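I opened this notebook to keep track of what I looked up in one structure, entry by entry. The entries go from the sheet to the helices, then to the rings and the core.

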Amino acid sequence: MQLIPAPAAGALDAAEEAVDLLLESGRAPGDILVLTTGEQHPWAAHELSFGEAAYWAQHDAGDDVFFADVSAAERARSRPVVVVAVNDDAGRAVAARTLPVARDRAAALLIVCGDPQTINSALGAGV
């Protein structure tokens with residue numbers, strides 16, 4: 001597990017930077033799932049405008065980075081890397097529900113971008 005400290009307002013940017021670094025280091029795009037606890041990533045919002053069926057078909061194809069809201073975390077399949085942007089103001093409550101699911105979905109690496117205190121409190125451990 002890796003923590004990237006960021007305020008809620010900067011967590012999505014930090015997650016995007018983490019994805020860029022993963023791709024630059026040779027990680028396959030289909031290896032990466034990005035979850036947001038607040039506002040959806042613009043890619044997810046755009047793709048959902050074409051309908052849920054098309055959106056989830058991209059997930060099922062598994063050949064590109066997939067961005068989803070935490071409400072879809074249960075539906076998302078495991079991927080080697082899961083990046084979570086804790087980008088909401090509620091923080092602790094949403095993170096407490098999201099992070100354990102994200103940890104279960106991450107086959108090799110979980111990267112969490114957000115406020116360290118919120119994240120540690122949600123996980124019940126020091127990260």
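This is a predicted model: local features need pLDDT of at least 70, side-chain atom pairs count only at pLDDT 80 or more; totals for chains, interfaces and linings use all residues.

**Entry 1: the sheet**

Residues are numbered from 1 along each chain as its sequence is written, and side-chain values use heavy atoms, with hydrogens and water left out.

Strand β2 (residues 32-36) is joined to β3 by four bridges, and the two run parallel. For the names I kept to DSSP runs numbered from the N terminus, a helix being H or I with at least four residues and a strand being E with at least two; two strands pair if DSSP finds at least two bridges between them.

I then looked up the whole sheet, which is open and made of five strands in the order β1-β5-β4-β2-β3, with parallel pairing. At its edges stand β1 (2-5) and β3, each with a single partner strand, so one side of each has no neighbour in the sheet. On average, neighbouring strands of this sheet are turned by 20 degrees against each other, direction ignored; axes here are lines fitted to C-alpha atoms, for helices over the stretch in contact, and angles run from 0 to 180 degrees between N-to-C directions.

**Entry 2: helix α3**

Helix α3 lies across β3 and β4 (79-85), and runs at about 125 degrees to β3. Which residues of α3 are buried? I found Tyr55, Trp56 and His59, where buried means under 20% relative accessible area, exposed over 50% and partly exposed in between, with a 1.4 Å probe and protein chains only. These residues cover an arc of only 90 degrees around the axis, which puts them on the same side of α3; the arc is that of the directions from the helix axis to the C-beta atoms. On the other side of α3, Ala53 and Ala61 are exposed.

**Entry 3: the rings**

Rings of Phe, Tyr and Trp (its six-membered ring) pair if their centres lie within 6.5 Å, and planes under 30 degrees apart count as stacked, over 60 as edge-to-face and the rest as tilted. By this rule there are six aromatic pairs. One of them is the tilted pair of Trp43 and Tyr55, 6.1 Å centre to centre with 40 degrees between the planes. Trp43 belongs to helix α2 (residues 42-48) and Tyr55 to helix α3 (residues 52-61), so this pair ties together parts twelve residues apart in sequence. Trp56 and Phe66 form another tilted pair, at 5.4 Å centre to centre and 40 degrees between the planes. Because Trp56 lies in helix α3 and Phe66 in strand β3 (residues 66-69), the pair ties together parts ten residues apart in sequence. Both Trp56 and Phe66 are buried, and one aromatic cluster is formed by Trp43, Tyr55, Trp56, Phe66 and Phe67.

**Entry 4: the core and helix α5**

I turned to the largest nonpolar core, which has 41 residues; Ile32, Leu35, Val82, Val83, Val84 and Leu99 have the most contacts inside it. Such a core is a set of buried Ala, Val, Leu, Ile, Met, Phe, Trp, Tyr and Cys residues joined through side-chain atoms within 4.5 Å. The elements giving two or more residues to this core are α1 (11-24), β2, α3, β3, β4, α4 (92-105), β5 (106-114) and α5, and α1 gives the most, with seven residues.

Not counting residues up to four places away in sequence, Leu99 touches Val84, Val112, Ile119, Ala122 and Leu123, contact meaning heavy atoms within 4.5 Å. The buried residues of helix α5 (residues 116-123) are Thr118, Ile119, Ala122 and Leu123. Seen down the axis of α5, these fall within an arc of 120 degrees, so they line one face of the helix.
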